[in-house]
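Please read this note with the structure open beside you. The points go through the ligand site, then a cavity and a pocket.

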Amino acid sequence: MNIVVVGGGYAGMSCLMELARRLPDTRRILVDPGRYHLQQTRLHEALNHGLARYRIPFADLAQRYDFVHRRARPRLGPQALVEAARRRRLSVADGDIRFDVMVVAVGARPRPRPRQPGWLGLADLRQRDGRRYIQALAAMPGRPWVTVVGGGATGLQYLFELNDALRRAGARCRLRLVDGGERLLPGLPVAFHDYVVRRLRQSGIDYLRQTRFVDADARGLQIERADGRSRHLSSARNLMFAGLRGNPTMLQTNAAGQVLADAVPFERVFAAGDCSHYAGRGLNGASAQAAVRKGRHVAAAIERLIARRRLPVYGARELGFFLSMGTFDGIGWMGIRRGIVTGLPAFAVREAIEARYELFLAGIDTYQVL
Ligand SMILES: Cc1cc2nc3c(=O)[nH]c(=O)nc-3n(C[C@H](O)[C@H](O)[C@H](O)COP(=O)(O)OP(=O)(O)OC[C@H]3O[C@@H](n4cnc5c(N)ncnc54)[C@H](O)[C@@H]3O)c2cc1C
């Protein structure tokens with residue numbers, strides 16, 4: 001029995017680990033073009049600590065969880081998936097990989113950033129050591145502006161980490177946030193917005209709300225305010241966090257996690273993580289929390305599929321949300337949305353969540369409890 005997992009992020013890895021436990025006699029193959037599992041929830045911290053700390057070699061994980069790693073980036077568009085499901089073969093550059101069951105867990109792609117020099121986006125930051133970026137900013141003469149476009153959770157986490165890293169490096173840059181929304185983090189209680197705005201003010205970061213990014217040029221960016229007036233902002237360096245899109249498309253699944261093609265599920269092709277949207281009431285959305293739970297759910301579903309039993313329905317609930325705001329600060333909720341924690345306690349909870357994931361990768365699984 002060959003089980004192929006495409007993508008070794010949070011969803012793919014948690015699926016492989018659960019498969020090793022539930023179905024040790026199967027042959028498990030991870031297909032991922034990279035050499036490392038990236039602990040992406042800490043990616044912004046690479047501005048202070050470098051990238052190596054957040055990368056775990058697939059070679060180590062493959063040994064620990066008994067799977068084979070093939071480095072490849074197969075095509076996964078709608079037609080390629082239909083073809084793979086029909087032939088039970090995944091085409092990669094150096095041949096086909098036969099599978100009995102396949103799990104697509106390739107995450108999401110960041111929306112593109114402007115191509116001008118001086119701009120970076122999430123795709124760049126996944127690859128580079130952020131400390132060099134900070135050193136380059138610290139070496140710039142005068143008091144140059146650095147602009148972060150996009151005040152979602154990722155943009156804010158980067159902004160506060162950047163602020164910390166620049167102060168630590170003695171840089172004299174000024175920071176600004178450009179965001180199109182009426183308020184920050186609209187999906188969360190308004191207390192999140194209020195706390196973040198207070199911290200932005202205290203840190204001397206300019207916050208331009210209801211301000212739409214229009215275009216980039218060599219000297220900065222063109223913006224448009226809610227009243228329709230446009231303006232040019234000079235900015236030496238810029239970071240764009242404009243959200244995510246499918247990789248290459250968002251995969252709709254039934255409540256068991258089987259990928260749907262024209263509303264009909266493939267029996268042997270599942271999806272998990274940021275690239276998937278499950279039918280039903282279970283937790284969707286681009287988060288590691290959902291990705292780990294979907295990955296584990298799919299492993300349980302595959303066990304049932306093989307035993308020809310009814311597939312389980314995914315029903316994970318959101319347990320909480322924490323936003324990191326630099327060293328020793330943050331905001332979040334746990335259990336109930338009104339139970340908001342800020343500052344050092346929030347920072348501590350987030351550290352505990354990260355430690356839990358690190359323990360999980362090391363083989364100590366506390367996700368079975370919650
Ligand atoms: C800075 C930052 C902070 C975050 N903080 C949090 C947080 O605090 N809490 C939280 O819950 N979430 C957080 N998130 C979101 C979280 O990281 C993602 O939701 C999570 O990584 C999704 O897991 P995934 O397995 O779906 O995809 P990913 O972790 O993105 O992994 C996808 C994998 O697929 C591989 N891949 C891509 N394309 C292909 C292909 N064609 N073929 C084969 N392999 C492919 C990639 O190499 C990668 O290994 C954060 C994200 C960022 C960027």
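1. How far from a nitrogen atom of the ligand does a polar side-chain atom of N247 lie? The separation is 3.1 Å. Here a polar contact is a pair of N or O atoms within 3.5 Å; within protein, one must be able to donate a hydrogen and the other to accept it, and residues adjacent in sequence count only if both atoms are side-chain atoms.

2. A word on the source. This is a predicted model, in which local features need pLDDT of at least 70, side-chain atom pairs count only at pLDDT 80 or more, and totals for chains, interfaces and linings use all residues. Residues are numbered from 1 along each chain as its sequence is written, and side-chain values use heavy atoms, with hydrogens and water left out.

3. One is 2.8 Å from an N or O atom in the side chain of Q40. The protein buries 86% of the 1000 Å² that the ligand exposes when taken alone (Shrake-Rupley method, 1.4 Å probe).

4. The shell around the ligand has 31 residues (a heavy atom within 4 Å of the ligand). A11, D32, Q40, D274 and A288 come nearest. By class, 14 are nonpolar, 13 polar and 4 charged. Ala, Val, Leu, Ile, Met, Phe, Trp, Tyr, Cys and Pro count as nonpolar, Asp, Glu, Lys and Arg as charged, and the others, Gly among them, as polar.

5. Where does the ligand lie? Domain 1 (2–108 + 246–318) and domain 2 (111–243) both give residues to its shell, so the ligand lies between them. The domain bounds come from an automatic or database assignment.

6. There is 1 cavity of 30 Å³ or more. On a 1 Å grid over the protein atoms alone, a cavity is a set of points where a 1.4 Å probe fits but cannot get out; lining residues have an atom within 4 Å of a point. L43, A46, L47, L125, R128, G130 and Y158 line the largest cavity. Domain 1 and domain 2 each supply at least three residues of this lining.

7. The second largest pocket (an open set with protein on both sides within 12 Å along at least five of seven lines) holds about 220 Å³ of space. Of its 10 lining residues, R293, R296, H297, Y314 and A316 are closest to the centre. Domain 1 and domain 3 (319–370) both contribute to the lining, so this pocket lies between them.

Technical notes: Grid points are joined across faces, edges and corners, and a volume is the space filled by probe spheres set on the points.
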